[in-house]
Structures are given as C-alpha cells and as structure tokens.
Amino acid sequence: MRPGTGRRAERLAPYVLVAPAVLIIVVLRLWPLLLGVNFSFTGDGALNGTAVGLDNYRDLLDDPLFRTALRNVGLLVLLLPVAVAIPGLLATFIYLRVPGHRLFRSVYFFPAVLSPVIVGAIFNLLLAYDGPLNAVLGGAGIGPVDWLGNPNVAIFAVVGVHVWATFGMALVVFLAGFATLDAALVDAARVDGASLRQTIWHVIVPGLSRTIQFVFVTTMIGLLTSMFGLLYIMTSGGPEGSTYLPEYYIWIQQGQMNRPALASAASTALFVIMLVVGLLQIGLLRRAGRED
Amino acid sequence: MSRVRLGRWLIAAPMTILAAATIYPLLFTANVAMKTRREYILDRFSLASTLHWENLTTAWNSAGMARYILNSLIVVTCSVVLLLLIGSMAGFALGRVRFRGSSALFLVCLAALFIPFQVIMVPLARIMADGGLIDTYPGLILAYVAQFLPFTVFLMTSYYRAVPAEIIDAARIDGNTLYGVYRRIMLPIGTPALLSVGILNALFCWNDVLISLLMMPSADHRTLMVGVTSLRGQYSDDIPTFAAGVLIAAVPVLVTYLFLQRQIADGVTAGATKG
Amino acid sequence: MKQRALWSAVLVAALALAGCGSAADSGSSSGGSAGKLVVWDWKSGDASAASYIEKAKADFAKRHPGVTVEFVAQPFEQYYTLLGAAIQSGKGPDVMLFNGGGQIRDRVDALLPLDQYVDEDKQRLAGWDAFTKDGKVYAAPVTLQGHPIYYNKALYQRAGLNPDRPATSWSEFVANCAAITKATGAKCFAQGNKEGIGIQFFMSGLGSGILSPREYDDWVAGKRDWNSPGVKRIFALWKEVNDKGLNNDGANSTAMFNDAFAVFQSSKAAHVIGLMSDIGHWKDFAEFLEAGNVGVMTSPVVNAGTTPSLPYDGGIGYAVAKWTKDPKVAAELVRSLTSAEALKAFHADAGAIASDTTIDVSSAGPAVATIVSEIKDGKPALHVALSSKTVDLMGRLSQQLLSGSITVDKAVEQLAATDQAG
C-alpha cells in the first residue's frame with residue numbers, strides 16, 4: 001500500500017466506524033420521528049389526515065390530565081438523584097468488597113429479569129390496604145396508609161417499586177464503569193486515612209463522572225418511558241389520575257380513546273422534554289466534573 | 001483496623017436485607033407458580049400446599065413456548081451481537097478519535113436516545129413494510145438494533161472516553177492503524193462495558209413485547225415474551241399459569257447474567273490492576 | 001483490519017437484503033391474501049376458547065373449503081394500540097374482535113357495515129345494539145355482558161335471612177347487610193375502584209332502581225340530564241355506600257379485576273355487582289361458593305316508581321375490516337364465529353352468556369338460569385351508552401367522590417360538560 005492511500009484510509013477510518021450506527025439511527029429513528037411529528041399536526045376521527053396546525057398541542061395543554069402528567073415528570077426529575085445514588089453507592093460498596101459482595105452482585109439483578117406485571121402484582125399485594133406492610137406499620141402504632149389509593153402517596157409508591165425493580169441494571173453499568181477507575185488512587189486515599197465518604201466524594205465520583213452522567217440520562221429515560229407496565233398493574237393512572245405519566249397518557253389516547261394524532265403530539269412533547277432535560281443534565285454534570 | 005471492619009459490617013447489614021428483598025419476588029413467583037388458581041385467590045401468600053408442576057407444562061404448551069423460545073434465542077443473539085459490534089465501533093470513533101463532525105454525529109446518536117417509541121411506532125412499521133421487512137427475522141433484528149443502538153453507542157462512547165489516551169497513543173506509535181487499535185486495544189479493554197451493555201440489551205430484547213408484536217404479525221413468528229404475555233388474557237385471572245410462564249422465561253436471562261456478572265467483575269479487577 | 005469493519009458493514013447490508021428476500025415468500029399476516037383470512041382477537045389463545053374456535057373453523061371450512069383462516073391472539077392490553085396502528089397504515093387483519101360500546105363505535109370508519117350479511121342471524125342473536133352506530137351494524141355479537149348483583153346465600157343463611165328472598169327495596173337491602181355484617185363480619189359490597197371501574201358496575205347495576213323507566217330510556221337514547229335528581233342520586237348513593245362502611249376497606253386501591261371478586265369469592269362480602277361473561281360471574285363464583293350458594297338479584301328499588309331490570313349489552317363481537325379483499329367471505333367467517341354450535345361451546349367452556357339465547361343453559365346452575373330468564377326484560381347498561389372519554393372521567397371523579405375531594409354537584413357538572421362535548 002502506498003503511504004498516500006494509507007493516509008486517506010486513515011482519515012476515512014473514523015467515518016467508516018460510525019457509518020453503520022449513524023445510518024441505522026437516521027433511517028430507522030430520525031426519519032420516522034420526522035414522520036411522527038408531522039402526523040401530530042393532523043387531526044383525529046373525522047379530521048383524519050387533514051392538517052390542524054397546533055390544535056393537538058392546544059388540546060394537550062388544556063387537558064388537566066396531561067398537566068398532571070407533566071407535573072409528575074417534574075417530580076421524577078427531582079427524584080432522579082436518589083434513583084442514581086442508590087445503585088451508585090451499592091456498586092461502590094461491592095467494588096470495595098464489603099462482606100458478601102459476590103452474593104450481592106448476583107442477586108441485586110434478580111428483580112430486573114421479572115416481568116413488571118409480576119413485580120406490580122406482588123407489590124399490589126404487599127401494599128394493599130389490608131396488606132402485610134400496613135400490618136407491620138400497625139404493629140408499630142402507625143395508622144394504615146392507603147399506599148395505592150391515596151393520590152398524594154401513590155406516585156411515590158410506584159416510583160419506589162420501579163427504582164427497586166431496575167436498580168440492578170444501573171448497578172451493572174456502574175460495575176463496568178469501575179473498570180476504568182484507577183485502583184491505585186483509591187488505595188492511596190485509604191492509606192492516607194481518608195474516610196469512606198471522602199474517598200467516594202474525591203476519588204470515586206470524579207473518576208466515574210462519565211458513567212454517572214450516563215446513568216443519570218438513562219435512568220431518566222427509564223423513569224419516563226418504561227413505567228407503563230407498573231402503572232397499568234399498580235394504579236391504572238389513578239387514584240384520581242394522580243399517577244399519570246406522559247407514557248400512560250399516550251397509551252390511553254392511542255389505544256383507548258382512539259386519538260392517535262393526539263398521542264403523537266403527546267409523544268413529541270415527551271421527546272422534547274427528555275431531550276432538553278437530558279442535555280441540561282449532561283451539561284451540568286460535565287461542568288461539575290470539570291470543577292473537580 | 002477493627003473500626004474499619006465494623007464499618008464494613010454496618011454497610012453489609014442493610015445490603016443483606018436488600019438482597020433478601022430482591023430474592024423474595026423470585027421466590028414469591030416460584031411459589032405462586034406452584035399453586036392452583038383457587039389456592040391463589042383464597043390466599044396469595046400461603047405456601048403452595050402441593051407442588052403443581054403441571055402449571056409449568058400448561059404455560060409451556062399454551063404459550064407455545066417450544067416454538068417461541070427458539071425464535072427469541074435467534075433474534076436476541078443476532079441483535080445483541082450486531083449491537084455490540086456497531087455500538088463499539090461508533091463508541092470508539094466518537095469517544096476517542098478526533099475527526100470533523102464527530103460531536104455533531106454524537107449528538108445525532110444522543111438525540112435518538114430520547115425518542116419515545118410511541119411517536120415512531122406507526123411510521124417505523126410502515127418503513128419496515130415498504131422494505132419488505134415486516135414479519136421477517138431480519139426485520140425484527142433490525143428493529144431491535146435501531147431501538148437499542150443509541151443506548152449502546154452512548155455507553156460505549158462514555159466508557160471509551162474514560163480510557164486513558166496514552167494507551168491509544170502507545171498503540172499508534174507501535175504502527176497500528178485505527179482499525180488495528182479498535183480490534184487489538186479497544187475491544188479487549190472494552191470487555192466489561194461490552195458485557196454489561198450486552199446483558200442489558202439481551203434483557204431488553206428478551207423482555208420486549210410491543211416491538212415484536214408490531215414487527216411480527218404472524219402467530220408463529222412471535223417471540224417468547226409475547227407468548228407469555230398472552231397467558232394473562234383480558235382479566236389476568238390465571239396468575240399461577242402466568243407466573244409459571246414468567247419463571248420459565250426468566251431462567252435463560254438469569255443464567256446468562258449469573259455467568260456474565262463474574263466476567264464483568266473480573267474485568268473490573270483486570271482493569272483495576274492494569275491502571 | 002480494515003476487512004473487519006468492512007465485513008461488519010457487509011453483514012448489515014446482507015442482513016437487510018436477506019430480509020427483503022425472505023419477506024417475499026413469508027405470507028404476511030397483515031392484510032390476508034385472497035385465499036386466506038387473518039383474524040385478530042385476544043381470546044383464541046385461551047385454552048377455554050379452543051373448542052369454540054375449532055367449531056367455528058369447522059363450520060366455515062364446510063362452506064369455504066379453499067380459504068385458510070389464521071387466528072392471531074394479541075395481548076389484550078396492547079390490542080387496541082396495535083389495531084390503531086393497523087388501521088392507520090391500512091394494513092391489518094380481515095376480521096377482528098371488539099368490545100361492544102365505545103371501542104367499536106370510535107372505529108367504525110375502518111369497518112364494513114354487516115347488515116346485508118347477517119340479516120338471518122338478527123333474530124337468533126341478542127346484543128346487536130352495542131355494535132351498532134347510526135343504524136348500521138358493524139359486528140356480530142358473540143357474548144352478552146351485563147351486571148347482575150350476585151349474593152352469597154350461605155351468608156344470608158348464617159344471618160338468619162331467607163336466601164331465596166333478597167331485598168326488593170333499598171332500606172330492606174341495607175338492613176339485610178347490617179344483619180349479615182353483625183352475624184358474620186362480612187361487608188355488604190365487594191368493591192374495587194382502582195381502575196375506576198367500580199362506578200361503572202355500580203351505576204349500571206343499580207341504575208334501574210334509581211332512574212325512572214322513562215329517564216333510563218332517554219339516557220340510553222342519548223338524552224341525558226346529568227343534573228336530574230335521579231342521576232345525582234346515583235353518585236350520592238355511590239358515596240354514601242362507601243361512607244357508611246358498606247364496601248370493603250380501601251375501595252380506591254382494590255382492583256375490580258380480580259381483587260374485589262376475590263373478596264366476594266372468599267365470603268368476605270355478601271354482594272358484588274359482577275359480570276355475566278368471561279370472569280367475575282356465576283361460573284367463577286360457583287367454583288368457590290358452590291353453585292347453589294350463588295344468588296342473583298336485580299337492583300333493589302332505591303327510588304319509588306322504578307322497575308328494576310337486568311342491565312346488559314352485547315359483550316364482544318367480530319367485525320370485518322373495510323380493506324378486506326373479499327367482504328362476503330369475511331362476513332361468512334363472522335357468521336361461523338357466531339354459529340349456534342360454536343357459541344354453545346363458548347358458553348360451556350369459557351363460561352359466558354352467549355349471544356344466542358336459544359342455547360340450553362340448564363346444566364350451568366341456577367344463577368345462569370335466573371340471568372337468562374331476565375334477559376327478555378333487560379335493558380342496555382347505563383355506562384355503555386357513554387363515550388370512552390366520559391367513562392374515563394367518571395372513573396377518576398368516582399375516586400374523588402370516595403376520597404371526599406369533590407362534591408356530587410361538581411362531579412356531575414364536569415361529566416355533563418364532557419358528555420355534551422363528546
């Protein structure tokens with residue numbers, strides 16, 4: 001091979017490496033997205049196929065249920081740090097080899113392999129008004145809580161179950177992230193007499209900043225797009241519509257109300273929200289990473 | 001020293017409780033799968049009085065599992081291999097190589113991560129139908145690859161960005177082309193990430209119902225979880241049979257994970273000593 | 001090493017190509033060809049529906065031996081989403097199952113009117129109204145669905161009440177409940193309103209004892225006065241029943257399917273407003289309480305001047321898609337799916353009140369006999385007349401009524417607005 005062609009091949013190499021990925025994403029994600037967004041500007045029912053401008057988006061904003069769904073999105077974003085910190089801490093302890101770390105590593109993933117339907121059914125029973133959890137609380141003198149029947153409590157119950165059911169996945173990502181961490185730094189910190197908290201804060205968190213960023217973004221996506229199974233089984237969006245999330249709203253409009261265009265508008269809105277929140281997170285976390 | 005010990009046990013105690021809480025649902029499901037429908041309705045928590053193994057056969061037969069399990073294995077294996085290959089190539093290029101347009105291309109991949117499936121569901125089905133890919137295995141595989149590729153590229157990019165640049169520079173000085181660096185350095189060094197993203201992708205594809213339903217309209221082309229989901233019926237009144245189905249479907253994923261998590265952890269130590 | 005990258009690119013391309021190739025010969029199930037009909041439902045996968053499907057297939061094969069039929073069972077929760085996607089792209093099954101009421105009426109644009117094909121069956125089968133819009137029939141009913149009030153005769157006996165003479169007035173009914181609770185600890189009603197379904201059952205189950213016959217008929221015909229004293233009484237009674245402790249605890253967090261039914265099945269409540277077909281019905285309850293202990297009653301008279309009747313409609317039925325290649329053959333398949341032989345099998349195995357009321361049900365126990373005898377005087381259920389949107393809103397408001405965060409007046413005001421808009 002002549003050096004000239006070699007150099008050209010080298011210059012083209014990165015493009016060749018990304019080409020399959022970009023091609024698939026553009027053809028099978030972005031192109032259909034464009035069509036889907038386009039569809040959200042058309043009408044439903046009798047207006048099927050005709051352009052209605054922003055009418056669907058106006059309908060969305062007028063719908064108190066969609067506003068509840070948006071409020072719940074805000075709540076989920078606020079709860080996000082907790083949902084990230086739990087698997088992060090657990091992975092750290094496993095990495096630091098607490099007694100039993102091998103066992104923990106194995107079993108923490110278990111809930112993730114069960115269907116949300118089964119997980120939801122189990123927690124329906126545990127959290128029932130006359131269920132075991134309230135029996136335990138009653139024994140401690142705390143009155144029964146209607147976990148899934150009280151509109152102020154239900155959303156926390158469902159999110160709690162979701163986090164519990166999925167933290168194993170984030171754990172696996174964290175464990176892989178530790179592979180890039182310089183173990184010598186951790187050892188040095190411990191030799192220097194740094195406390196566990198100092199070690200985590202000054203060595204592990206900066207060392208894992210990219211993994212943390214990734215887990216933040218994907219956990220948010222998980223919270224906003226894969227809770228349908230649990231919502232369907234545990235609350236059906238209730239009580240009083242208090243556990244509506246955009247995802248559930250989309251399902252209702254598409255399947256039950258036969259308003260596919262409105263559902264398209266709602267999913268477009270969800271896309272924009274996730275994109276904005278996700279990019280903000282990445283920006284914030286990157287800046288925080290640099291400051292360290 | 002003893003203080004440190006004590007601290008470790010103080011952490012281990014709640015972690016053990018959590019471990020019990022994560023095993024419980026599996027045991028609960030196993031217990032329910034051994035009950036009759038009547039027993040389940042009268043008392044959901046009690047231990048199965050006799051073990052009704054026939055629930056497993058009922059689930060196996062009425063969910064058509066013998067046929068679907070093979071479909072699922074083929075589709076999931078192909079999807080995951082393609083995802084890892086395409087994802088790690090892109091992740092390496094976007095994370096560790098400087099080239100024009102790289103940040104724009106990364107943004108394209110990242111943006112795709114945020115697309116809710118519902119908005120592209122119908123257009124995607126139509127594109128696939130136009131390409132003659134509906135109701136074919138390559139079509140479903142392609143749909144899975146497209147669905148989980150943004151996630152895979154993002155993870156691999158993040159992972160490779162954390163790899164020290166010196167390692168690559170050293171390999172370049174040794175005369176490797178970029179492809180050589182990818183194959184000889186990045187693939188092995190990426191093992192922990194590839195394994196973890198591999199197991200997650202396998203789990204996602206294995207458990208998916210909606211994409212499979214959409215891409216595979218024929219009854220005999222369906223995948224395992226579709227069959228299991230059908231066991232529920234409209235009113236999910238036969239929970240024991242459904243639980244048996246869920247249990248059978250969970251076994252391959254569980255076994256794979258238990259096998260792979262060692263490798264991921266070994267990767268952790270390997271990486272740690274290297275650094 | 002360049003080869004490797006190239007190889008992978010080639011692989012992807014090859015995969016796509018192989019896809020195109022194999023797609024050509026794999027008979028796609030969406031939009032059947034001339035010699036093939038594709039049926040979508042959520043029933044045909046159930047073991048209990050096996051003999052029904054077999055009988056229907058046999059009946060159809062006799063008349064159209066050259067046409068193959070493929071049944072595709074979809075999971076119920078994604079059924080209408082998938083159907084919506086199929087309708088949107090104009091490629092879908094030839095024949096499909098529908099729930100009566102809003103679900104089919106919202107989608108008639110994609111369906112074929114069946115009147116000319118099913119004329120002969122109009123007399124034999126009941127429940128057509130739930131599949132009719134603007135005077136045209138879009139599906140043939142397979143089952144009837146309705147809301148009888150079931151009661152536990154054993155509990156009546158233990159409370160010293162005559163199990164064969166259930167209350168006919170509301171005050172007597174409440175007094176009976178008090179006696180039962182005192183003697184056995186069982187609640188009056190098993191109630192599950194987690195999905196917001198409890199109110200639908202309650203409204204339809206007791207509606208004929210609350211609204212005058214005229215107001216009832218007007219309601220079903222679409223002339224609804226949400227502010228009438230009768231309608232308000234429905235919602236006030238809904239709240240009152242819960243406030244007085246007649247329901248099991250935590251009604252808002254109890255799922256109708258299947259936790260509320262389990263409460264009744266385990267004798268923890270004396271009554272439940274249940275269903276006629278599929279689940280939460282005579283067959284289900286007889287399995288736990290013995291067939292002889294399952295009583296069926298019509299609504300007690302809540303307001304004077306009412307004549308309680310059994311509320312029922314067409315339950316599920318098969319429809320034909322507009323895009324099917326040969327509408328006549330598809331309609332014939334629908335007729336086979338509602339043939340007497342097939343429906344007899346469905347009744348016996350799946351536990352349903354079939355739309356064919358000439359089927360002999362005497363072997364299924366006394367409760368069924370009572371229900372079938374009431375079909376003649378039965379009327380459409382109140383909630384089935386409402387749009388999906390109104391029903392959905394009503395579910396949420398009913399939960400608010402139970403938790404006390406809304407008044408009856410405010411609730412009917414919102415319902416009136418939605419009902420008129422829809």
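In strand β14 of chain C, Ile353(C) is the bridge partner of Leu144(C). Strands, here and below, are DSSP runs of E with at least two residues, helices are runs of H or I with at least four residues, and both are numbered from the N terminus. The model is predicted: local features need pLDDT of at least 70, side-chain atom pairs count only at pLDDT 80 or more, and totals for chains, interfaces and linings use all residues. Residues are numbered from 1 along each chain as its sequence is written, while chains are lettered from A and ligands numbered from 1 in the order in which they are written.

**Sheets of chain C**

The pair that opens this report belongs to strand β7 (residues 143–146) of chain C and β14(C), which are antiparallel and share 2 bridges. Two strands count as paired if DSSP finds at least two bridges between them. These strands lie in an open, antiparallel sheet of 3 strands with the order β12-β7-β14. Because β12 (312–314) and β14 (353–354) each have a single partner strand, one side of each is left without a neighbour in the sheet.

Ile149(C) has Ile273(C) as its bridge partner in β10(C).

**Chain C as a whole**

| Property of chain C | Value |
|---|---|
| Helices and strands | 17 helices, 14 strands |
| Span of the C-alpha trace along its principal axes | about 80 × 55 × 40 Å |
| Buried residues | 56% of 422 residues |

A residue is buried if 20 or more other C-beta atoms, placed from the backbone, lie within 10 Å of its own.

Helix α3 (residues 76–89) of chain C reaches 20 Å from its first C-alpha to its last, close to the 20 Å expected for its 14 residues at 1.5 Å a residue. The expected span is 1.5 Å times one less than the number of residues. The helix is mostly covered, with 12 of its 14 residues buried; among them are Tyr79(C), Tyr80(C) and Gly84(C). Gly90(C), with a positive phi near 70°, follows α3(C).

**Chains A and B**

Contacts link 82 residues of chain B to 73 residues of chain A, a contact being a pair of C-beta atoms, placed from the backbone, within 7 Å. On the side of chain B that touches chain A, α13(B) gives the largest share, 16 residues.

Gln213(A) is placed in helix α11 (residues 209–225) of chain A. It counts as buried because it has 22 C-beta neighbours inside 10 Å. Beyond its neighbours within four places in sequence, Gln213(A) is in contact with Ile282(A), Leu285(A) and Ser158(B). Its C-alpha atom is 9.7 Å from that of Val84(A), 129 residues away along the chain.

Conventions:
Two residues are in contact if their C-beta atoms, placed from the backbone, lie within 7 Å.
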